[in-house]
Amino acid sequence: MFDLRDLYQEVIIDHNRNPRNFRVIEHPSHQAEGYNPLCGDRLTLYLQVDKDGVIQDASFQGVGCAISVASASMMTDYLRGKSVPEAKRLFEKFHAVVTEDMPPEDAELGKLIALAGVKDFPARVKCATLCWHTMQAALNGDESPAKTE
Ligand code: ZN
């Protein structure tokens, strides 16, 4: 039997080994720091939002565990081309998938569903959601580092 969970793990391993968008955006329109003290994950998120409120570019730098890096890699890939309200709505959705009993079969989330398995590991949820909290902080213009609490 083909186990879907194997595929999900592959996606996470791949994004951890070869993080997408792992770079600095010079003069980003939005930027924020994120820190997950529970695991030690740290990241800086950069967003380039155009005048129409569409995210043209997203990138990150930092150090962290496989889940946090893979999540940031997938999220930055995913955010490109999304509007700011869309991005915020997707965070709500993603958060529900990794914390609640929401069916993970949500086509809109695409590959992000690979992270749904963290639901069974509460400490890991913070690793997976750190980049999203940081995105929200960046979009809201928060100066202080985003925390997962
Ligand atoms: Zn972590």
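In which sense do strand 1 (residues 30-36) and strand 4 pair, and over how many bridges? I looked this up first. Strand 1 and strand 4 pair in the parallel sense, over two bridges. Two strands count as paired if DSSP finds at least two bridges between them. Helices (H or I, at least four residues) and strands (E, at least two) are DSSP runs, numbered from the N terminus.

**Entry: ground rules**

I am working from a predicted model, where local features need pLDDT of at least 70 and side-chain atom pairs count only at pLDDT 80 or more, while totals for chains, interfaces and linings use all residues. Residues are numbered from 1 along each chain as its sequence is written, and side-chain values use heavy atoms, with hydrogens and water left out.

I traced an open sheet of four strands with mixed pairing, in the order 3-2-1-4. Strand 3 and strand 4 (146-147) are the edge strands, each pairing on one side only. Helix 2 packs on this sheet and touches strand 2 and strand 3; the direction of helix 2 makes about 170° with that of strand 3. For that angle, axes are lines fitted to C-alpha atoms, for helices over the stretch in contact, and angles run from 0 to 180 degrees between N-to-C directions. I also noted that Tyr-35 has Lys-147 as its bridge partner in strand 4.

**Entry: the zinc site**

I listed the donors of the zinc ion: Cys-39 (SG), Asp-41 (OD), Asp-41 (OD), Cys-65 (SG) and Cys-127 (SG), at 2.2 to 2.7 Å. Along the chain these donors follow the spacing C-x1-D-x23-C-x61-C. Donors here are N, O and S atoms within 2.8 Å of the metal (3.2 Å for Na, K and Ca); water is not among the atoms, so sites may look incomplete. I checked both Cys-65 and Cys-127 for burial, and both are buried. Buried means under 20% relative accessible area, exposed over 50%, and partly exposed in between (1.4 Å probe, protein chains only).

**Entry: the nonpolar core**

I looked for the largest nonpolar core and found 44 residues in it; Leu-47, Ile-67, Leu-79, Phe-94, Trp-132 and Met-135 have the most contacts inside it. At least two residues of this core come from each of helix 1 (4-17), strand 2 (41-49), strand 3, helix 2, helix 3 (84-99) and helix 4. Helix 4 gives the largest share, 10 residues. A nonpolar core is a set of buried Ala, Val, Leu, Ile, Met, Phe, Trp, Tyr and Cys residues joined through side-chain atoms within 4.5 Å.

I then listed what Trp-132 touches, not counting residues up to four places away in sequence: Ser-71, Met-75, Leu-79, Ala-87, Leu-90, Phe-91, Phe-94 and Leu-112. Contact means heavy atoms within 4.5 Å. Thr-129 lies in helix 4 and is buried, with a relative accessible area of 2%. Leaving aside neighbours within four places in sequence, Thr-129 is in contact with Phe-94, His-95 and Val-98.

I compared spans with expectation, which is 1.5 Å times one less than the number of residues. The 14 residues of helix 2 should span 20 Å, and the end C-alpha atoms are 20 Å apart, which agrees. Just after helix 2, Gly-81 takes a positive phi of about 90°.

Helix 3 has 16 residues and reaches 23 Å from first C-alpha to last, close to the expected 22 Å. I found Val-84, Leu-90 and Phe-94 among the buried residues of helix 3. The cover over its buried residues includes strand 2, strand 3, helix 2 and helix 4.

**Entry: the loop between helix 1 and strand 1**

Where does Asn-21 sit? Asn-21 is in the loop between helix 1 and strand 1, and its phi is positive, about 60°, although it is not a glycine. Most residues other than glycine have a negative phi. His-27 is in the loop between helix 1 and strand 1, with a positive phi near 55°. Asn-21 counts as buried at 12% relative accessibility, whereas His-27 counts as exposed at 70%.

Asn-18 is found in the loop between helix 1 and strand 1 and is partly exposed, with a relative accessible area of 44%. I noted that Asn-18 and Ser-73 are 55 residues apart in sequence and 8.6 Å apart in space, C-alpha to C-alpha.
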